[in-house]
Amino acid sequence: MSDKPPAEPPSSEVTPEALYLRRREFLKNTGLFAGTAAAVAGGLYLLGRKQTRPMDAFVPDAGLLDLPVAKAKGPYDTDEPRTSYEDVTTYNNFYEFGLDKNDPARFAHSLKPRPWTVVIDGEVHKPQTVDIDQLTSWFPLEERIYRMRCVEAWSMVIPWLGFPLGELLKRVEPTSQAKYVAFTTLQDPEQMPGQKRGTLDWPYVEGLRLDEAQHPLTLMAVGLYGRQLPNQNGAPMRLVVPWKYGFKGIKSIVRISLTREEPPTTWNLAAPGEYGFYANVNPAVSHPRWSQASERRIGGDLERRPTLPFNGYAEQVAHLYAGMDLRKNF
Amino acid sequence: MASPPHPWLNPALTVGGLAPLMMLAVQGPRGDLGPNAVEAALNQTGLFALVLLTASLACTPLRLVFKWTWPARIRRTLGLLAFTYAASHFLVYAVLDQGLKLGAILEDIGKRPFITVGFTALMLLVPLAVTSTNAWVRRLGFPRWQRLHRLAYVAAVLGVVHFVWRVKKDLTEPLLYAAVLALLFAVRGAEAMRKRRARAAVAARSAAS
């Protein structure tokens, strides 16, 4: 390299001033174009982002214990492909943690499922308040692979772990007055921040007729995919009634009461014309705002599949409703 | 040659406005839209249609209130983008969600009010998109063209109703758009009233003289 200053370029190579200024304008306009385009795209992205948030970051695995399973396959299990663990744990309706499908996966870490006590009372001969681990130890855990049909017309196939609710009811001995079972979710806005908003009347309550509760398909689930129930799926214990819409499956249960009268249920209170007490899956009875004739299987085919009466469990449960008008008792 | 002011504005809006649609087209088939990709695509296209339509309706009120003139220059682009998203929204519903089963689609449009109003809003936007060119403004004459394009307000209101009826419980977001629309209506209403008073005053003065 030489120390001499660089030679001036010949005048023929000097950009004419007018062109130089236009170049500057061109650069300025290019910059403004790029900036504005990015701002518009970014603004729209921010408005719509909650639909497309990456999910894999929220899949729970640490700290969830594998549970002992007494029996690998039962007579009620479906052979359909299971919905992935990732989808089952990141696509949830659990308004206690927010309204978007991935809110429960993002926010349910504030729930403390241990220690946890469950109150069993009402029309029973042996009312009790019992620790969740003690309660679970009373029964051998079974895996049950059930279809789950949401009232929003999507469905999953989930390998639950749990015990039949009927076994628990036997143990507490319902009185002859008991006609219904009422369930209550935890109410604690510190653990369930969604309860700070008046979206629904908290706590969430659900109910079943006693014969529905005693049906062998009706499960108290404490796990899925061989592991403890993740918080967003209703830890430590939830109800699973596979022939009913998913909202009947009340989560994070703190109280089970046997009653004489039909208990109030949360979605029925919120919109009585849209959600009934029975909420049996029924392709013939549309939701007032959308059809229930078909459903989308999460993680399955793009094409909708026909919805089956009682979610495909008609053979097991249709007799419970003999003589009832299921259009009126929806 | 004098170029129009802000020559970058409309191209930038077009590119930026279409970018999310391109993203959806890439993300959807790759499985990047979450467990329920069809629902995600429906929600996003529907939301963007309403946002862009509302933005196009904000152009005139912005001029009236802040004396800004540049929004008027992007109104057509905003409207066409809104139509693009509304049409995509319907196509995702008809093709991906319903698998082009005509019977089910017609039943939805006929029997479910929330789909009826959404479909009506889209149908109202079709003539507006078709007549969005300068040639059509000339052909119709500006006053008639202007009257026709007031349908955009009707479409936006129907869009909000569609949104409200779709939501299961929490109305915060649809009501936000309802509030913005109400504000835009208020500005237009106040302006119409001011003009009428001004005309009345002029008429009164000319009658007195």
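Which helices of chain B each supply at least two residues of the lining of the second largest pocket? The legends below answer this for a predicted model, where local features need pLDDT of at least 70, side-chain atom pairs count only at pLDDT 80 or more, and totals for chains, interfaces and linings use all residues. Residues are numbered from 1 along each chain as its sequence is written, chains are lettered from A in the order in which they are written, and side-chain values use heavy atoms, without hydrogens and water.

**View 1. Helices around the second largest pocket of chain B.** The helices in question are H2 (37-66), H3 (70-97), H5 (113-130), H6 (134-140), H7 (142-149), H8 (151-166) and H9 (172-208). Here a helix is a DSSP run (H or I) of at least four residues, numbered from the N terminus. Chain B has nine helices and zero strands.

**View 2. The centre of the second largest pocket.** This pocket holds about 1100 Å³ of space. On a 1 Å grid over the protein atoms alone, a pocket is an open set of points where a 1.4 Å probe fits, with protein on both sides within 12 Å along at least five of seven lines; lining residues have an atom within 4 Å of a point. A volume is the space filled by probe spheres set on the points, which are joined across faces, edges and corners. Of the 33 lining residues, Thr60(B), Arg75(B), Trp145(B), Gln146(B) and His149(B) are the closest to the centre.

**View 3. Buried residues in chain B.** Of its 209 residues, 41% count as buried, meaning under 20% relative accessible area with a 1.4 Å probe, protein chains only. The C-alpha trace of chain B spans about 75 × 50 × 35 Å along its principal axes.

Technical notes: Buried means under 20% relative accessible area, exposed over 50%, partly exposed in between (1.4 Å probe, protein chains only).
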